[in-house]
Amino acid sequence: MKTPIYCLLFPGYQTLDLMGPVEILHRMSNSHLHYVSREGGQVASAQGFAVETVRLERLLPESVLLVPGGMATRTLVADRSYIATLADWATQSAWTLTVCTGSALLAATGLLDGLPATSNKTAFDWVRGVRPQVAWQGKARWVQSGKFYTASGVSAGMDMALGFIADREGVAQAESIAKRCEYRWQRDAAVDPFAVGV
């Protein structure tokens, strides 16, 4: 059975937040990528990279939801309709992965309340202000809390994606994928050269 991976796009998302993990996750056993958005149609990143998306209504069982970040999250967190819809999708997912300030969007749903999570350290104060009820981790490359995985800034999404695969399919599989990508995987989620407030 294929694992559906829903890559959630919104106007102004950060390209590497999405495409870094996509390069990793598509190499999972039996993965099936879906590029989705709330409205459907073509969605462009902050860097002008446009992707044709399908309107997301409901996630299939045992699915992964991938939420990138970007400057656009600063206005999107205040869109109550969008956040309510995201809460539904994250609840339907078997796992939800966020990159950078994508964690602010997930936090705004209330689903991370009381759980450890992290985000881009250059935007950390803002993210923390979005939802202080979250146990924000100032030193973490990524954090896993049950079904939720949150990554630090931009490139950390690739380390998190490999960590997710290691949890699902074993460290050897994650190492093999990293090698095929010629990527130096930061395996220890606690090693964070960009840590703040520690």
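This is a predicted model: local features need pLDDT of at least 70, side-chain atom pairs count only at pLDDT 80 or more; totals for chains, interfaces and linings use all residues.
Residues are numbered from 1 along each chain as its sequence is written, and side-chain values use heavy atoms, with hydrogens and water left out.

Reader: Why is helix H1 largely enclosed by the rest of the structure?

Author: Helices (H or I, at least four residues) and strands (E, at least two) are DSSP runs, numbered from the N terminus. Buried means under 20% relative accessible area, exposed over 50%, and partly exposed in between (1.4 Å probe, protein chains only). H1 spans residues 15-25, and it is largely enclosed because the buried residues number eight of the eleven.

Reader: Which residues of H1 are buried?

Author: Start with the packing partners. The buried residues of H1 pack against strands S1 (3-8), S2 (31-37), S5 (64-67) and S6 (95-98), and against helices H6 (156-169) and H7 (171-180). The buried set is Thr15, Asp17, Leu18, Gly20, Pro21, Val22, Ile24 and Leu25.

Reader: How are H1 and H6 oriented to each other, roughly parallel or roughly antiparallel?

Author: Axes are lines fitted to C-alpha atoms, for helices over the stretch in contact, with angles from 0 to 180 degrees between N-to-C directions. The two axes come within 8 Å and cross at roughly 30°. Angles under 35 degrees count as roughly parallel, over 145 as roughly antiparallel, 65 to 115 as roughly perpendicular and the rest as oblique. H1 and H6 are therefore roughly parallel.

Reader: How do the residues of the contact of H1 with H6 divide into nonpolar, polar and charged?

Author: Contact means heavy atoms within 4.5 Å. H1 supplies Gly20, Pro21, Ile24 and Leu25, and H6 supplies Gly157, Met158, Ala161, Leu162, Phe164 and Ile165. Ala, Val, Leu, Ile, Met, Phe, Trp, Tyr, Cys and Pro count as nonpolar, Asp, Glu, Lys and Arg as charged, and the others, Gly among them, as polar. The division is eight nonpolar, two polar and no charged.

Reader: At what angle do the axes of H6 and H7 cross?

Author: The axes of H6 and H7 come within 6 Å. Leu162, Ile165, Ala166 and Glu169 of H6 meet Val171, Gln173, Ala174, Ile177 and Ala178 of H7. These residues divide into seven nonpolar, one polar and one charged. The crossing angle of H6 and H7 is roughly 145°.

Reader: Which residues is Ala174 in contact with, leaving aside its neighbours within four places in sequence?

Author: Ala174 sits in helix H7. Its relative accessible area is 0%, so it is buried. Its C-alpha atom is separated by 9.5 Å from that of Arg187, 13 residues apart along the chain. With those neighbours set aside, its contacts are Leu162, Ile165, Ala166 and Trp185.

Reader: How many disulfides does the structure hold?

Author: A disulfide is a pair of cysteine sulfur atoms within 2.5 Å. For Cys7, the closest cysteine sulfur is in Cys181, 15 Å away and so too far for a bond. For Cys100, the closest is in Cys7, and at 16 Å that is also too far for a bond. The number of disulfides is zero.

Reader: What is the phi of Cys100?

Author: Most residues other than glycine have a negative phi. Cys100 lies in the loop between S6 and helix H4 (102-108). At 5% relative accessibility, Cys100 is buried. Its phi is positive, near 60°.

Reader: Is Glu62 buried, partly exposed or exposed?

Author: Glu62 lies in the loop between strand S4 (50-55) and S5. Glu62 has a positive phi of about 60°, although it is not a glycine. With a relative accessible area of 48%, Glu62 is partly exposed.
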